[in-house]
Amino acid sequence: LLSTFPKAQLVVIGPPGDGFGAYAAEKLDSLFSQNGGDFRGRGYVKCEFMQVGEDIKFAADFCLMPSRDEPFGYVDIEFAWHGALLVGAQAGGLGKVPGFYYIAQNRENLGRLRRELKHAIKSAMSATSTELDEMARSASKCRFPLRTWQEKLQDAYGSLVSTGTVAANPVPAGGAHSRAAEAEDELGDREFLRQELAEDELTLRVRSRISADSQANIIQVLEDIGTDEATKYEQELGCKWSVWLAQRTWNVTRVHWLVAIGYVMGPVTETLLYVVCTEWGLRGNIETPDWLPSSVASDSSLDPMSMSMVLFSTNSLAFAVGAPVWAAVARRAQPRHLMAVALLLQVPLHMSIVPVPPRLNLALLLMFMHGLVSSASLLFVVFNFMMAIQPDASKAAIRMGMLEVCRYIISWLTNGYIFMVSPSSHAGTADQPLPTSVFWLLLPMGLLSLVLNFVPGLLMLAAPGPYRDDRFPGWDLHLAGKKKSFLLLCLSECVGSLVMFPGTIYITWWFANGWTEGALGFLSVSFASM
């Protein structure tokens, strides 16, 4: 603002209310410092409470109010009555007096908020004197009678009652006051909300870190302070593993590394199990159950297409059964326990690579168990990076997208490894259809997957902070129809699942057209690289 408009002056008054405010106070103080600040003489900063006299209000041309939330707002009215126009967000109660406003499209995206505020400021500074004078006269005449507000509120409430959105008498006799009193009695002496750090202490720590590194980012500063507090709190609880997981490696909290590993390694176990069960079906001498139609099973063996269809359907059915079960349990159980169980339950599935007489019943049981366990992968989406101070949902989406990319890379690399070692090319015997050589080929991948499930699974039992204290809040299914974006997302998931199985048949088609296992392995690695 000051760089773009050389004649502009800025006055900032008021105490900081959180870490962001303390950070801004330090930056503004250095900006207008008399000891070499770039804009000294053009600004005044007093980051504490003070009485604002009428002289300041009359002298100001604009009042900046880039609020994220504002229930009603009196500051805008006070300045408007003194002829100062509002420049800020049309949020909550703001926007009722003449000014230059923006509507925040994403209140948690700091970069976007800055761009929107800059645009509003440019609009205000480029307005003509005639326009500003006319707006100032209108602002000084703004009135907000209580009766008008009551009538508007009554009309709004009446329209909701007439449409059946709310009941005519939502609050019974005794009302909210009696319920609040009951809640207070139930709470007793316990804190309703625990503030981890007092505002004064937070301000001191922010200032200390900025003094040590003047270029420090506010998100990084607050995450560092949060890590220190989390570590201290876990030390008080006395669990050394929780303390270790609350600390950082390569600027990422260690428990977040566990969550990331647990999510991206999911395809390895799935591919391993799918390959073994498919080999059982392809090698003959398989004990097929009586309930399987003869059109699918013949001569004690299954053709590749039928085997893939049966295994894929069994796994998908188990996933559909398991997902709501995990979600329901997550409302009561600690997230860390559920995520640990989800990882540890995959450990016994790795025993499928041990040579045993092939049985379709056992193959279906293993695929069903895997579907139940793998449906818990949604927990790693819901409860991911919970100790990171990142309010911007778009940044969280990018982070989740990176994990999804890593998951696909590992999936393609796993497929490439299977193609290159080609377990189907190793012949068995009548007594041992699945030879020991296949076990040794799959062992490296099995051991890697085993370790990366077992070790994070054990450590997740001690995950700190929100992984211990938070719960899944639940769901309200009748709201699903009110959000078209949710319906489209659900439809896309269904369509994606429908095309997933036909998409796997490309392997059969490629083999039929003369592709070799080595060529398909190279193709898989190429996809992973891309």
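Predicted model: local features only at pLDDT ≥ 70, side-chain atom pairs only at ≥ 80, totals over all residues.

Modeller: Let us begin with a definition: a salt bridge is a side-chain nitrogen of Lys or Arg within 4 Å of a carboxyl oxygen of Asp or Glu. Side chains of opposite charge can pair when their charged atoms come close. In this structure, Glu223 forms a salt bridge with Arg248, with 3.0 Å between the closest N and O atoms. Glu223 belongs to helix H9 (residues 218-237) and Arg248 to strand S6 (residues 248-249), so the pair ties together parts that are 25 residues apart in sequence. As for the terms, helices (H or I, at least four residues) and strands (E, at least two) are DSSP runs, numbered from the N terminus.

Biologist: How many helices and strands does the chain have, and what percentage of its residues count as buried?

Modeller: The chain has 22 helices and 9 strands. Buried means under 20% relative accessible area, exposed over 50%, and partly exposed in between (1.4 Å probe, protein chains only). Of the 530 residues, 37% count as buried.

Biologist: How many salt bridges are there by the rule you gave, and which residue pairs with Lys57?

Modeller: The count comes to 12 salt bridges. Lys57 pairs with Glu78, the closest N and O atoms being 3.4 Å apart. Because Lys57 lies in helix H2 (residues 54-59) and Glu78 in helix H3, this pair ties together parts that are 21 residues apart in sequence. Lys57 counts as buried at 11% relative accessibility, whereas Glu78 is partly exposed at 33%. Another pair is Lys46 with Glu48, whose closest N and O atoms are 3.5 Å apart. Lys46 is partly exposed at 26% relative accessibility, and Glu48 is partly exposed with a relative accessible area of 43%. Salt bridges also link Glu201, Arg205 and Glu229 in a network.

Biologist: Where is Arg42 found, and which backbone oxygen does its side chain reach?

Modeller: A polar contact is a pair of N or O atoms within 3.5 Å; within protein, one must be able to donate a hydrogen and the other to accept it, and residues adjacent in sequence count only if both atoms are side-chain atoms. Arg42 is found in the loop between helix H1 (19-31) and strand S2 (43-46). Its side chain reaches the backbone oxygen of Pro6 at 3.0 Å. Why does Arg42 count as buried? Arg42 does so because its relative accessibility is 19%. Contact means heavy atoms within 4.5 Å. Not counting residues up to four places away in sequence, Arg42 touches residues including Leu2, Phe5, Lys7 and Phe32.

Biologist: Is Thr414 buried or exposed, and in which helix does it lie?

Modeller: Thr414 lies in helix H17 (residues 393-421) and counts as buried at 6% relative accessibility. The side chain of Thr414 reaches the backbone oxygen of Ile410 at 2.7 Å. Leaving aside neighbours within four places in sequence, Thr414 is in contact with Val268, Thr271 and Met445.

Biologist: How many residues has the largest nonpolar core?

Modeller: A nonpolar core is a set of buried Ala, Val, Leu, Ile, Met, Phe, Trp, Tyr and Cys residues joined through side-chain atoms within 4.5 Å. The largest one has 56 residues, and those with the most contacts inside it are Met339, Leu379, Met460 and Tyr467. Apart from that core lies another, of 31 residues, among them Ala60, Leu85, Leu117 and Ala127.

Biologist: How many residues of helix H11 are buried?

Modeller: Helix H11 (residues 254-264) is mostly covered, with 9 of its 11 residues buried. Among them are Arg254, His256, Leu258 and Tyr263.

Definitions and conventions. Residues numbered from 1 in each chain as written. Heavy atoms only, no water.
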